Amino acid sequence: MKIAVFAGDGIGPEIMHEALRVLDALALPDVTLMEGYVGGAGYRKLGHPLHADTIRIAHEADAILFGAVGDFECDNLERHLRPEQAILGLRRELTLFANLRPATMFAGLEEMSALRPEVAGKIDMLIVRELNGDVYFGEKGIRTLDDGRRQGWDLMSYAEDEVRRIAHVAFRAAQGRKGRLCSVDKSNVLETFQLWRDVMIEVGAEYPDVALSHMYVDNAAMQLVRDPGQFDVIVTGNMFGDILSDQASMCVGSIGLLASAALGETQTQYGTKGLFEPIHGSAPDIAGQGKANPMAMILSLAIMLRHSFGLEAEAVRIEAAVAQALADGIRGGDLGGTAGTAEIGDAVLARL
Ligand SMILES: NC(=O)C1=CN([C@@H]2O[C@H](COP(=O)(O)OP(=O)(O)OC[C@H]3O[C@@H](n4cnc5c(N)ncnc54)[C@H](O)[C@@H]3O)[C@@H](O)[C@H]2O)C=CC1
Ligand SMILES: CC(C)CC(=O)C(=O)O
Ligand SMILES: [Mg+2]
């Protein structure tokens, strides 16, 4: 089982270290780790945030564990050399178009939610975010208009096949859960999302067992804090899904808890090839201080074992160990506690 390990920048290496300790503790046979440098780390070491050698490792691996990228010292580089291009580039290079971002309330954490405990306690949702299109990947630039003003522009678009393939992922996910799918768009204003809604309805006809609803993204942001328990599966575009999933994380207590899978259609001998990462970034404000919560990274390892290697029992073991650590009161600074990165890793390992 070949696993690419791209720790990246900021807290990336710190949280990756804890996830690898957990992987090691499972003592799985035949695991080969393939280390690579991405983001600012890639730029410094190899001269590029996503070097050709790194892309080669990504292609060769059965799955990728990804920490985070983002390094303010690289912010003034040309756009193609900025750290964030590494994650955007990997998602596109490997056609990882389906981003699964589960948000579920852990027992005992209700009081840490930004919401009232009785509201937060009902959260059990999956955000399915399209990951290869939308305004993040459109043509873009900063141009000078005839009157001398500078104008920034980014093209938002979705082709119908791009919407159709993410729709199928979301409908199938809803079939495996409570059978409810809410498509979040902005079709009242954006043509891109008028097409999105049309295609969702069209694909929905193939899934009569799934109840499809539609919601504008502004309302969805509000409903997410008013009554998040109403959501089972949400499907949405790249940018809306990026924003709503960070918001969902605070509904369950912290961004340091949310894991994600980026999947495509490539099957290996073990399962579906994918990239697995926390939903958060490189957190430069706490990097290097041993304060980061590694749980999102450890939970990303669990869903990697599930999706890419078919190791359901091991995934469940890890998830249970994290849940037990939280139930036992282990809290990082993000959850109002004092446990550091290594201490949280120790706590999860002890329960594993
Ligand atoms: N997939 C990726 O690699 C992503 C990269 N980024 C990049 O990361 C850099 C920082 O971006 P921000 O907007 O600050 O978002 P961020 O997610 O890195 O941090 C936001 C806030 O949450 C806290 N936080 C995040 N993860 C945490 C954890 N595991 N434990 C405890 N606290 C945690 C941070 O300390 C910060 O206060 C930027 O360069 C950005 O472009 C942002 C999001 C995703
Ligand atoms: C570089 C960003 C698009 C990454 C991000 O914020 C995310 O995927 O959640
Ligand atoms: Mg994000």
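Around ligand 1 there are 21 residues, and those that come nearest are Gly70, Gly256, His280, Gly281 and Ala283. The model is predicted. By class, ten residues of the ligand 1 shell are nonpolar, seven are polar and four are charged.

The shell of ligand 2 consists of Glu84, Ile87, Leu88, Tyr136, Asp242 and Ile279. Helix H4, which spans residues 84–93, gives the largest share of this shell, with three residues. Four residues around ligand 2 are nonpolar and two are charged, while no polar residue is present.

The chain is assigned two stretches to domain 1, namely 1–99 and 256–352, and one stretch to domain 2, 114–251. Between the C-alpha centres of domain 1 and domain 2 the distance is 24 Å. Where the domains meet, twelve residues of domain 1 are in contact with 14 residues of domain 2. On the side of domain 1 that touches domain 2, H4 and strand E4 (98–104) supply at least two residues each. The largest share of that side comes from H4, with three residues. H4 also supplies the largest share of the shell around ligand 2.

| Site | Nonpolar | Polar | Charged |
|---|---|---|---|
| Side of domain 1 that touches domain 2 | eight residues | two residues | two residues |

Methods: Residues numbered from 1 in each chain as written. Chains lettered and ligands numbered in written order. Predicted model: local features only at pLDDT ≥ 70, side-chain atom pairs only at ≥ 80, totals over all residues. Near = placed C-beta within 6 Å. Helix = DSSP H or I, 4+ residues; strand = E, 2+ residues; numbered from the N terminus. Nonpolar A, V, L, I, M, F, W, Y, C, P; charged D, E, K, R; others polar. Domains from an automatic or database assignment. Contact = placed C-beta atoms within 7 Å.
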